[in-house]
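Trainee: I would like to take a close look at a single part of this model and then see how the rest is arranged around it. Please go slowly.

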Amino acid sequence: MKQIILETNNLTKTFGALMAVNNFSIEFTKGIVHAIIGPNGAGKTTLLNLLAGELAPTSGSISFKYRDITHAQPDTISQLGLGRSYQKTNIFPQFTCYQNCWIGAQSRLNTSMRFFRPAAKLIDVKERTEKALEMVNLSHQSGTIASAISYGEQRQLEIATMLATEPELLLLDEPLAGMGAEEAQNVIELLLELAKNQTLILIEHDMDAVFAVADRLTVMVNGSELETGTVDEIRNSQAVQEAYLGEEGF
Amino acid sequence: MLNITRPLKLFLLILLLLVAISPLIASGFYIGLMTKMMIVAIFAMSLDLLVGFTGLISLGHAAFFGIGAYCLAGFFSQADHYTIWIALPVSMGGAALAALVIGWISIRTTGVYFLMITLAFSQMFYFFFFESKHFNGDDGVFMNTKPEIFLGSFQLLDLNHEISFFYFVLGLLVAVFLLLVMILKAPFGQVITSICANDQRVRALGYAIQRYKLVSFVIGGAIAGLAGFLEAAHTGFITPSFLSWHESGLILVIIILGGIGTLYGPIFGAFALVLLEDLLPELTDNWKLMLGVIIIMVVLFLPNGISSMGKKLIDRLKPKPITEPGSSKKTTVS
Amino acid sequence: MEPSFYFIQLLNGIQYGFLLFLVASGLTLVFGIMDVINLAHGSFYMLGAYLAYWLSGVFGSLFLGILLAIPLAVMLGWVVEKVAITHLYKRGHLDQVLLTYGLILIFDELQIILWGNDSHGVEVPSILSGSIPLTDIQVYPVYRLVVSLVCIMIAFCMYFIINNTKLGMTIRAGASNREMAQALGIDIQRLFSIVFSLGVALAAFSGMIAAPIDSLYPGMGENILIISLVVVVIGGIGSVKGAFVGAMIIGVSSIYGKVLFPDMASIVVYAMMAAILLWKPKGLFQAT
């Protein structure tokens with residue numbers, strides 16, 4: 001039984017004369033991995049920013065779990081169960097890895113407006129933090145300052161911080177960006193593991209990763225949806241091949 | 001994150017003891033000077049909460065200092081007797097209310113806009129008191145008497161004695177310090193420290209960051225109001241200059257010199273600057289020039305303030321911590 | 001009060017607005033392009049005023065005084081930039097506030113050392129000391145009109161330079177996206193020096209021509225600085241057009257505030273700022 005977890009309806013975002021996202025309508029099914037691919041400048045990151053609430057749409061609507069979030073703020077959307085990671089690593093460099101994940105984990109308290117007892121005593125937050133670090137295999141770097149770990153580990157930390165918020169739906173913006181083969185493999189395995197219990201929407205350029213992980217693909221060109229389908233359907237699609245002529249990957 | 005290591009705790013404790021016994025050896029003038037240092041230290045810590053821990057760089061913090069002072073002046077200047085159990089909450093409450101209003105408007109803005117709007121609001125209040133006939137404008141208000149501290153019919157402290165006032169302020173300094181340490185270790189503190197580091201990320205992780213910033217702003221304003229109350233009670237004379245932007249600038253200078261985001265740095269900065277302001281004029285009439293030069297030197301050569309100098313010394317003394325793999329005992333949320 | 005009284009206040013407001021514009025435009029450019037908060041900007045206004053006072057006293061003529069004061073002011077600005085400001089480009093706003101606050105202390109003390117604690121006045125040159133009749137009873141000082149005219153000319157020159165010359169294009173590029181401008185090969189250091197000197201010159205010149213209208217007194221730099229900051233914030237950082245509009249709004253409302261609410265005149269400016277920022281938190285215009 002297919003459940004729609006996130007859908008957009010004629011979602012449009014213009015910046016002056018530039019139409020970054022153009023009447024984009026799509027349904028994301030719960031429980032699968034949905035990848036969005038397309039040439040640079042296609043509007044993928046803009047789309048993600050719209051879904052996460054960091055950009056306000058020019059027109060159209062977005063709903064998450066059948067609830068309208070078109071004009072919702074990022075914090076509200078996060079509390080509803082949507083987590084996102086960034087293309088440009090967006091961690092807290094001067095905090096330890098543990099502290100990075102902690103702030104994600106603490107967000108699930110019913111309120112952080114608590115002033116008296118030390119945060120360190122919150123067992124459930126502690127457990128969420130440790131679990132998040134473990135999921136990305138960064139437990140051994142728990143006490144290390146985030147700026148001191150490798151780039152690949154920082155990307156993993158980025159994901160861990162988001163995981164600490166225990167999201168149902170993960171929006172991942174190029175999680176493999178800039179990674180070497182071994183690190184990339186680690187992340188692919190992580191994504192497969194996460195896909196077991198959560199819905200993933202990811203933007204990626206690394207086609208090996210996309211094929212290994214994705215259930216459905218959407219190809220985005222010039223702010224519009226070119227085609228959506230299974231991996232094989234997209235691979236064999238004439239329209240997609242034409243759009244991608246000259247692009248590496250296929 | 002707030003990080004007070006064991007050697008530092010020891011150092012601070014020793015300093016506290018030294019300060020605590022100083023009235024027994026020092027003359028009346030120095031006791032008064034040290035009282036002033038401690039009052040400025042409280043003021044400084046309240047700004048450090050905003051600047052160093054929340055990332056709200058305010059150039060109008062003196063407004064709350066002054067409002068705390070003027071609350072005392074406004075309600076109690078003519079009184080023959082009044083109790084601190086009412087006067088103090090009134091002052092802090094007035095300052096907190098002003099911080100709520102100013103904060104609610106200002107926190108929509110960020111960066112330099114925030115800097116300037118806080119400056120402008122404090123100027124607004126400055127001119128309000130300057131031009132107000134009710135408060136005697138530039139001539140200022142004199143307090144008839146100091147607040148009384150009674151429990152039932154038993155007098156706890158007689159603030160008319162310089163030494164009693166000294167210990168009163170010392171007690172409050174320690175209390176404010178411990179209060180802020182507590183808040184910073186609590187979940188609230190975790191959030192604002194993270195906001196200071198990367199506020200957009202904190203928002204994306206599910207926090208209503210404006211609310212947290214506002215609460216921090218109000219707490220900072222209330223504590224500044226406490227400092228203003230103490231200064232008014234101490235000197236017995238309140239003028240609009242309490243709210244001048246020179247004061248706002250100077251308190252910012254103090255916490256930067258002392259080292260922002262440390263909580264103890266501003267205390268050192270306050271002591272240093274009040275001392276400088278007292279000693280320099282004896283060297284030369286144009287001491288402000290020297291102060292300006294000193295400030296510029298510190299900015300250029302000591303970018304992390306005085307406490308970074310001290311920290312480097314302390315770091316050399318203490319043993320290096322071991323970061324063992326998987327050793328989550330070491331990784332406390334400090 | 002008759003309408004001509006309010007008209008005169010309007011003229012005064014506009015003239016004050018022009019002076020504010022000169023000071024604020026330098027501030028907004030320095031901030032917009034160099035991302036430097038320079039609290040000592042008001043000190044240059046004060047410097048201009050005192051230079052004009054001193055040199056017009058020496059030479060007996062305000063015109064000559066101003067003519068000589070301008071290059072002197074620009075030179076001093078250049079020195080300050082090379083010695084102090086240049087270190088601030090890579091530093092955060094906090095360090096900039098701190099250092100320029102130190103500069104204010106130094107300049108203020110220097111002023112007191114050189115010219116003492118009293119107020120001083122500068123005389124309006126005799127050619128311009130007359131008045132123009134507006135109605136049968138009301139007259140308006142010629143000097144104030146001349147000041148406004150001079151400012152209009154400067155404003156037009158600035159408009160022309162910024163919109164129609166290569167330098168202006170470079171300035172606009174730097175104001176809207178400094179890194180991109182650098183990536184495109186623009187010599188940022190030279191641009192900074194030019195912009196800073198321009199800002200100093202404008203602020204000092206404003207101080208010079210304002211000298212006969214307002215008196216000179218210790219701390220006058222800070223007063224104009226704070227109002228200019230309000231103008232910049234209202235107008236939008238980095239936007240000269242915004243500085244102009246902001247200056248006019250503040251200039252006129254400030255003068256009318258003194259007339260309509262004499263007890264609470266100063267508050268009007270800040271209340272206005274709060275209202276505008278509530279509506280547009282980033283000011284009225286963006287840097288173009």
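Which residue stands opposite Leu6(A) in strand E4(A)?

Mentor: The residue opposite Leu6(A) in E4(A) is Phe64(A). Keep in mind that this is a predicted model, so what follows describes a prediction. As a general point, strands of a sheet pair through backbone hydrogen bonds, in either a parallel or an antiparallel way.

Go on to the loop between E4 (59-64) and E5 (67-68) of chain A, where Tyr66(A) is placed. The phi of Tyr66(A) is near 65°, which is a positive value in a residue other than glycine. Is Tyr66(A) buried or exposed? Tyr66(A) counts as exposed because it has 10 C-beta neighbours inside 10 Å, and the cut-off for exposed is 12 or fewer.

There is another open sheet to look at in chain A. It has six strands in the order E6-E7-E8-E3-E9-E10, and its pairing is mixed. Strand E6 (82-85) and strand E10 (224-230) of chain A stand at the edges with a single partner strand each, so one side of each is left without a neighbour in the sheet. From one strand to the next, the twist averages 15°.

H5(A) lies across E6 and strand E7 (169-173) of chain A, and runs at about 165° to E6(A). Follow the chain into the loop between E7 and H6 of chain A, and you find Glu174(A). Glu174(A) has a positive phi, about 45°, although it is not a glycine. Glu174(A) is buried, because 21 other C-beta atoms lie within 10 Å, where 20 or more is the cut-off.

H5(A) has a helix partner as well. Helix H3 (residues 97-106) of chain A packs against helix H5 (residues 151-163) of chain A at an angle of about 35°, and their axes are 7 Å apart. H3(A) contributes Cys97(A), Asn100(A), Cys101(A) and Gly104(A) to the contact, while H5(A) contributes Leu157(A), Ala160(A), Thr161(A) and Met162(A). Sorted by class, this contact has five nonpolar residues, three polar and no charged ones.

Next, the domains. In the domain assignment, chain A has domain 1 (1-81 + 167-250) and domain 2 (91-165). The centres of domain 1 and domain 2 of chain A are 26 Å apart, taken over C-alpha atoms. Where they touch, domain 1 of chain A gives 11 residues and domain 2 of chain A gives 11 residues. On the domain 1 side of chain A, the largest share, four residues, comes from helix H6 (residues 181-195) of chain A. That side has six nonpolar, four polar and one charged residue.

Finally, consider chain A as a whole. Chain A contains nine helices and 10 strands. Its C-alpha trace spans about 60 × 40 × 40 Å along the principal axes. A compact globule of 250 residues would have a radius of gyration near 18 Å, and chain A has 18 Å, so the two agree. Of the 250 residues of chain A, 45% count as buried. Among contacts in chain A with a separation of 6 or more, 66% are between residues 24 or more positions apart.

Technical notes. Residues are numbered from 1 along each chain as its sequence is written. Chains are lettered from A and ligands numbered from 1 in the order in which they are written. This is a predicted model: local features need pLDDT of at least 70, side-chain atom pairs count only at pLDDT 80 or more; totals for chains, interfaces and linings use all residues. Domain bounds come from an automatic or database domain assignment. Two residues are in contact if their C-beta atoms, placed from the backbone, lie within 7 Å. Helices (H or I, at least four residues) and strands (E, at least two) are DSSP runs, numbered from the N terminus. Ala, Val, Leu, Ile, Met, Phe, Trp, Tyr, Cys and Pro count as nonpolar, Asp, Glu, Lys and Arg as charged, and the others, Gly among them, as polar. Axes are lines fitted to C-alpha atoms, for helices over the stretch in contact, and angles run from 0 to 180 degrees between N-to-C directions. Two strands pair if DSSP finds at least two bridges between them. The radius of gyration is taken over C-alpha atoms; the globule rule is 2.2 Å times the number of residues to the power 0.38.
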